[in-house]
Amino acid sequence: MPAIPTVALITDEVSQDLDEVLAFTAEHDVTQVDIRAVDERNVILFDNDELGALAARLADAGLTVGCYCSPLLKWTRPGMPVPEGTNFHGFDPDAMSHETAMVHAFEVANVLGARQIRVFSYLAYPGFTPADLDDDLGLLLDLAEAHGVDLVLENEHVCNVATLAGIIAVADHHPHPRLKAAIDLANQMSAGHPPPSEDELVHAARLGGTVHVKDLAPDKTYVPVGQGVIDHAGSLATILNAAPGGALPIVIETHMPHDGPAATAASLKAVRAMLAKICEDA
């Protein structure tokens, strides 16, 4: 029987207002969150006092931080254009150097108590290979080792790694115990790719890391989990059975800012029901 996973959420998917987020997590019995942006700013732009105050408020509310959803490597390689529709979620790529951002992200994670930092694979360009990440990912893995934090590589539709197969290829090229997966089925399918195969789900799950869940209508607009076309129940069963050393956290990410609290509440209810059924059937 698979271990019962923690169900978490990315705070700014509920609201950019931390007061609203804390009220929501209390009402819905959420005990773990991932942090990306607060008050329309990615927290990598917070000063030390702001970061400390944020960490204290989360702790006072009984919340732990699973992952700092950083913007690392969600930028262009020199000479490459920014793809249309890129969302930096409160981070200005010109606000600090890439080198400064890479070092500071680990300081942010340590202050927040996050055990993971989400990373990307550069904004997409033709001819990408996993070797293109050698220098930057090598530095990040050294920093991860020094800070006791895991990197979770997300498949992101505007980045070079848009599929689980892409995550697997990078992990095969950069084998390291600190490099794990941030599995996102909706990102893969929103980019026009088919759902991952069972073998790809198993391979990605065995890397460990985290799972982001959101759902798509047939026209690829976002809807609450369970109301779209993605087979999250089947995929989560495969992932949880394959994950090493216990369950991966399941993180709600709706991409519905116009209706964040309601969409997140509906998604939480659906995911919890799916997980209960998976454990019952195991």
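1. In this predicted model, eight strands form a closed barrel with parallel pairing, in the order β1-β2-β5-β6-β7-β8-β9-β12. Averaged over the sheet, and with direction ignored, neighbouring strands are turned by 30 degrees against each other.

2. The pairing of β5 with β6 (residues 116-119) is parallel and rests on 2 bridges. Within β6, I117 is the bridge partner of Y68.

3. Helices α3 (residues 48-60) and α4 (residues 98-112) pack against each other at about 35 degrees, and their axes are 9 Å apart. The crossing of these two helices is right-handed. From α3, the residues in contact are L51, G52, L54 and A55; from α4, they are V108, V111 and L112. The contact of α3 with α4 comprises 6 nonpolar residues and 1 polar residue, with no charged residues.

4. The second largest pocket holds about 250 Å³ of space. Its lining consists of 17 residues, and those nearest the centre of the pocket are R115, Q116, D150, G209 and P249. By class, the residues of this lining are 6 nonpolar, 7 polar and 4 charged.

5. The second largest pocket may also be described by the strands that line it. At least two lining residues come from each of β2 (32-35), β5 (64-68) and β9 (209-213). These three strands, β2, β5 and β9, also belong to the closed barrel.

Technical notes:
Residues numbered from 1 in each chain as written. Predicted model: local features only at pLDDT ≥ 70, side-chain atom pairs only at ≥ 80, totals over all residues. Heavy atoms only, no water. Axes fitted to C-alpha atoms, helices over the stretch in contact; angles between N-to-C directions. Helix = DSSP H or I, 4+ residues; strand = E, 2+ residues; numbered from the N terminus. Left-handed = near helix turned anticlockwise from the far one by under 90°. Contact = heavy atoms within 4.5 Å. Nonpolar A, V, L, I, M, F, W, Y, C, P; charged D, E, K, R; others polar. 1 Å grid on protein atoms, 1.4 Å probe; cavity = no way out; pocket = protein on both sides within 12 Å on 5 of 7 lines; lining within 4 Å. Points joined across faces, edges and corners; volume = space filled by probe spheres on them. Pairing = 2+ DSSP bridges.
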